Amino acid sequence: MTGTLRQQLIAHLQGEALDALELSGRLHMREKAVYEHLAHVRRSLASSGRRLEVTPARCLQCDYRFQDRQRLTPPGRCPACRSTRLTRPLFRVL
Ligand SMILES: [Zn+2]
């Protein structure tokens, strides 16, 4: 089951960048589960010469970018201005 789900996840992310909420709707799974699957997908793609591209979250208040964040889940608050108005990270398979 998970193999098929992950293949579907990869299929959705080829050529189109989506956030976890969009993937959650398309794959009918909870957003939390999407992040878990994405973490596996990131590892398995790396071993086949492909990769999961992550467009980092950004603060809508001050434009701070969460470039160095390793975790796939969205940050809660901007470290620079404390705003919680943040974009969600986007994922795409290259
Ligand atoms: Zn900010």
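**Figure 1. Helices H2 and H3 are roughly perpendicular to each other.** The model shown is predicted. Two packed helices are described by the angle between their axes and the distance between the axes. Here the axes of H2 (residues 20-27) and H3 (residues 31-46) cross at roughly 100°. They come within 9 Å. A crossing angle from 65 to 115 degrees counts as roughly perpendicular, and therefore this pair gets that description. Which residues of H2 and H3 make the contact? From H2, they are Ala20, Leu21, Leu23 and Ser24. From H3, they are Glu31, Val34 and Tyr35. By class, the contact has five nonpolar residues, one polar residue and one charged residue.

**Figure 2. The protein chain has three helices and two strands.** Along the sequence, the elements follow the pattern α-α-α-β-β. How does the radius of gyration of the protein chain relate to the globule rule, and what is it? The radius is 14 Å, close to the 12 Å that the rule gives for 94 residues. The chain is so as compact as a globular protein of that length. Its C-alpha atoms fill a box of roughly 40 × 30 × 20 Å, taken along the principal axes. Buried residues make up 15% of the 94 residues. Now take the contacts between residues at least 6 apart in sequence. Of these, 51% join residues at least 24 apart.

**Figure 3. Confidence along the protein chain has a mean pLDDT of 94.** A pLDDT of 70 or more is reached by 97% of the residues. Which element has the lowest mean pLDDT, and which the highest? Helix H1 (residues 2-12) has the lowest, at 86. Strand E2 (residues 90-93) has the highest, at 97.

**Figure 4. His28 has a positive phi although it is not a glycine.** Most residues other than glycine have a negative phi. For His28, phi is about 55°. Where does His28 lie? It lies in the loop between H2 and H3. Is His28 buried or exposed? His28 has 7 C-beta neighbours inside 10 Å. A residue with 12 or fewer is exposed, so His28 counts as exposed.

**Figure 5. Asp63 also has a positive phi, and it is not a glycine.** Its phi is about 70°. Asp63 lies in the loop between strand E1 (52-55) and E2. Around Asp63, 10 other C-beta atoms lie within 10 Å. Asp63 is therefore exposed.

**Figure 6. Cys62 is found in the loop between E1 and E2.** Which residues does Cys62 touch, not counting those up to four places away in sequence? They are Cys78, Ala80, Cys81 and Ser83. Cys62 has 12 other C-beta atoms within 10 Å, so it is exposed. Gln14 is 48 residues from Cys62 along the chain. The C-alpha atoms of Cys62 and Gln14 are separated by 31 Å.

**Figure 7. Ser83 lies in the loop between E1 and E2.** Ser83 touches Cys59, Gln61, Cys62 and Cys78, leaving out residues up to four places away in sequence. Within 10 Å of Ser83 there are 13 other C-beta atoms, so Ser83 is partly exposed. How far apart in space are Ser83 and Glu36, C-alpha to C-alpha? They are 26 Å apart. In sequence, 47 residues separate Ser83 and Glu36.

**Figure 8. Arg85 is placed in the loop between E1 and E2.** Setting aside neighbours within four places in sequence, Arg85 is in contact with Cys59, Leu60 and Gln61. Arg85 has 12 C-beta neighbours inside 10 Å and so counts as exposed. Gln14 is 71 residues from Arg85 along the chain. Their C-alpha atoms are separated by 28 Å.

**Figure 9. Ala11 of helix H1 and Arg92 are 9.7 Å apart in space, C-alpha to C-alpha.** How many residues apart are Ala11 and Arg92 in sequence? They are 81 residues apart. Is Ala11 buried or exposed? Ala11 has 12 C-beta neighbours inside 10 Å, so Ala11 counts as exposed.

Definitions and conventions:
Residues are numbered from 1 along each chain as its sequence is written. This is a predicted model: local features need pLDDT of at least 70, side-chain atom pairs count only at pLDDT 80 or more; totals for chains, interfaces and linings use all residues. Axes are lines fitted to C-alpha atoms, for helices over the stretch in contact, and angles run from 0 to 180 degrees between N-to-C directions. Helices (H or I, at least four residues) and strands (E, at least two) are DSSP runs, numbered from the N terminus. Angles under 35 degrees count as roughly parallel, over 145 as roughly antiparallel, 65 to 115 as roughly perpendicular and the rest as oblique. Two residues are in contact if their C-beta atoms, placed from the backbone, lie within 7 Å. Ala, Val, Leu, Ile, Met, Phe, Trp, Tyr, Cys and Pro count as nonpolar, Asp, Glu, Lys and Arg as charged, and the others, Gly among them, as polar. pLDDT is the predictor's confidence in each residue, from 0 to 100. The radius of gyration is taken over C-alpha atoms; the globule rule is 2.2 Å times the number of residues to the power 0.38. A residue is buried if 20 or more other C-beta atoms lie within 10 Å of its own, exposed if 12 or fewer, and partly exposed in between; C-beta atoms are placed from the backbone.
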